[in-house]
Amino acid sequence: MSQIEIAQIIDQIKQEITVDSNGQGKASLRATARLAGVDAAGLFRSLKTAVDNSRSKMVEKLVRKGFEGVDILGWSQSGIPDIAVATILHYYGYEAGKRCSLQAKLACEAFESIGVRAWIQDLLGLDKTRYSTTIRTTLHTNPPPS
């Protein structure tokens, strides 16, 4: 798995990602699972524990981030908020034990690079249209060290 392959997956799931009028992105459960390199049915089972007494570790992490159990349960229909997608990717990249996925880790690294770049541009008041950052340009111009 390489950063180039992550960019290809992003191209494939583009239709399953939306942005609302407030700029908040959402990805389908299937798109999130593809990014994380995990089975969509397994991700769904984990999210279903949001209203159980014994929640999955990933759902506990989402709740600690401020998401409500009943909302998490509805994500399979309404889409997963962008901040939750990042949390899910991080979980499967670094915290899922034997279910950790190299693909989730690579996706995290790619999105972190974009986030830091956007933060610096915002901090310095740079024109974001002039310094457009996309996952594709980030992956192709800044590949991770081997």
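At what angle do the axes of helix α3 and helix α4 cross? The axes of helix α3 (residues 40–48) and helix α4 (residues 57–64) cross at roughly 60° and come within 8 Å, where axes are lines fitted to C-alpha atoms, for helices over the stretch in contact, and angles run from 0 to 180 degrees between N-to-C directions. The model is predicted, with pLDDT of at least 70 needed for local features and pLDDT 80 or more for side-chain atom pairs, while totals for chains, interfaces and linings use all residues. Residues are numbered from 1 along each chain as its sequence is written, and side-chain values use heavy atoms, with hydrogens and water left out.

The chain contains eight helices and three strands; these are DSSP runs numbered from the N terminus, helices being H or I of at least four residues and strands E of at least two. Along the sequence the pattern is α-β-β-α-α-α-α-β-α-α-α. Of the 146 residues, 36% count as buried (buried, under 20% relative accessible area; exposed, over 50%; partly exposed, in between; 1.4 Å probe, protein chains only). Among contacts (heavy atoms within 4.5 Å) between residues at least 6 apart in sequence, 50% join residues at least 24 apart.

The crossing of α3 with α4 is right-handed, that is, the near helix is turned clockwise from the far one by less than a right angle. L43, S46 and L47 of α3 meet M58, V59 and L62 of α4 in this contact. By class, five of the contact residues are nonpolar, one is polar and none is charged (nonpolar: Ala, Val, Leu, Ile, Met, Phe, Trp, Tyr, Cys and Pro; charged: Asp, Glu, Lys and Arg; polar: the others, Gly among them).

Helix α4 also holds K61, which is buried at a relative accessible area of 13%. Residues up to four places away in sequence aside, K61 touches T87, H90, Y91 and E95.

V38 is placed in the loop between α2 (29–36) and α3. Its contacts, leaving aside neighbours within four places in sequence, are with A33 and Y92. V38 and R99 are 61 residues apart in sequence, and their C-alpha atoms are 8.3 Å apart in space.

The structure has zero disulfides, a disulfide being a pair of cysteine sulfur atoms within 2.5 Å. C100 is partly exposed, at 31% relative accessible area, whereas C108 is buried, at 6%.
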